[in-house]
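Please take a look at the sequence and the model below. We will then walk through the fold together, one region at a time.

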Amino acid sequence: MSSPRRELLRVAGAEPIGPYTLLRLGRGGVDPGAPGQFFMLEAPGRLLPRALSLCLAPAGELAFLVDPVGPGTASLCALGRHDAIHVFGPLGHGFRLDVERPLLVGGGVGIAPLPYLAEALRFPPAVLGFRSERHAEAAALLPGAEIAIEPTLVTELIPPGRDVLACGPEPMLQAVADMCPGAQLAWEAPMACGYGACYGCAVEIGGELKRLCVEGPVLLAA
């Protein structure tokens, strides 16, 4: 596993995709790590960084899908070309890639780690769920994916007999866990430090508290 590194990286571009922003940073000497791992990105004007899964790792870049839901993520979306922010990572545990019949399942901005994962798994099928047509524009990051838009649930598109790798909101992940006990689930939680010191990302899963930044964010459903 790659050792995390903190480095000042320059913005290479920031493109809107539906309501989201694909923030591209020059990679510098930072390793992209494994699909499902995350990075702590300095949020301009805010005290704490924001934890974001790596979305894509083209040559010389790290790209993150950002949903501007608060002041920190909005400040990241407002970055312009040649601005620079500190980035720390890769952190946490990513997806296991030793699966025979992978199916990627994503919900909303939870699709963020799936394009990088899809590349590592040689582009398996994917099913994605969104709350609106505009949010579903982000499916362009996973060409060929099957799309569900509310009120249709993405879980209705999961066929039997697949090795599911999923990321999305907690209700979606709970439903996937009930359907597919062998699934790998990337959980989401606010993170303040990224390395287990603050316990800010501890969530109860299966009756146990898990620090997602060090024990996850990817955990087995079972």
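What follows moves from the whole chain to a sheet, its side-chain pairs and a few single residues.

A word on ground rules: this is a predicted model, in which local features need pLDDT of at least 70 and side-chain atom pairs count only at pLDDT 80 or more, while totals for chains, interfaces and linings use all residues. Residues are numbered from 1 along each chain as its sequence is written, and side-chain values use heavy atoms, with hydrogens and water left out.

Let us begin with the overall picture. The secondary structure of the protein comes to four helices and 14 strands; here helices (H or I, at least four residues) and strands (E, at least two) are DSSP runs, numbered from the N terminus. Of the 222 residues in the protein, 52% are buried. Buried means under 20% relative accessible area, exposed means over 50%, and partly exposed is in between, with a 1.4 Å probe and protein chains only. The protein has an accessible surface of about 10300 Å², and carbon and sulfur atoms hold 53% of that surface; such areas come from the Shrake-Rupley method with a 1.4 Å probe, and for residues only the protein chains shown count as cover. Turning to contacts (heavy atoms within 4.5 Å), 58% of those with a separation of 6 or more join residues 24 or more positions apart.

Now for the sheet. Six strands form an open sheet in the order S4-S3-S6-S1-S2-S5, with antiparallel pairing; two strands pair if DSSP finds at least two bridges between them. At the edges are strand S4 (50-53) and strand S5 (61-66), each of which pairs on one side only. From one strand to the next, the twist averages 40 degrees; for such angles, axes are lines fitted to C-alpha atoms, for helices over the stretch in contact, and the angles run from 0 to 180 degrees between N-to-C directions. Within the sheet, strand S1 (residues 5-17) pairs with strand S2 (residues 20-26) in the antiparallel sense over six bridges. As an example, Ala 14 has Leu 23 in S2 as its bridge partner.

Charged side chains come next. Side chains of opposite charge can pair when their charged atoms come close. The structure holds four salt bridges, each being a side-chain nitrogen of Lys or Arg within 4 Å of a carboxyl oxygen of Asp or Glu. Which residues join into a network of salt bridges? They are Glu 15, Arg 24 and Glu 61. Between Glu 15 and Arg 24, the closest N and O atoms are 2.9 Å apart, and between Glu 61 and Arg 24 they are 2.8 Å apart. Because Glu 61 lies in strand S5 and Arg 24 in strand S2, their pair ties together parts that are 37 residues apart in sequence. Arg 24 is buried at 18% relative accessibility, and Glu 61 is buried at 17%, whereas Glu 15 is partly exposed at 30%. Elsewhere, Asp 98 and Arg 96 form a salt bridge with an N to O distance of 3.0 Å. Asp 98 is exposed at 58% relative accessibility, and Arg 96 is partly exposed at 41%.

Rings of Phe, Tyr and Trp (its six-membered ring) pair if their centres lie within 6.5 Å; planes under 30 degrees apart count as stacked, over 60 as edge-to-face and the rest as tilted. By this rule there is one aromatic pair. The ring centres of Phe 39 and Phe 64 are 5.6 Å apart and their planes stand at 75 degrees, so the pair is edge-to-face. Phe 39 sits in strand S3 (residues 38-41) and Phe 64 in strand S5, so this pair links distant parts of the chain, 25 residues apart. Both Phe 39 and Phe 64 are buried.

Phe 130 lies in strand S8 (residues 126-130) and is buried at 3% relative accessibility. Leaving aside neighbours within four places in sequence, the contacts of Phe 130 include Gly 108, Ile 111, His 135 and Ile 147. Ser 75 lies in helix H1 (residues 71-77) and is buried, with a relative accessible area of 14%. Thr 155 has its place in the loop between strand S9 (146-149) and strand S10 (163-167). Thr 155 is buried at 13% relative accessible area, and beyond its neighbours within four places in sequence it is in contact with Met 172, Ala 175, Val 176 and Met 179.
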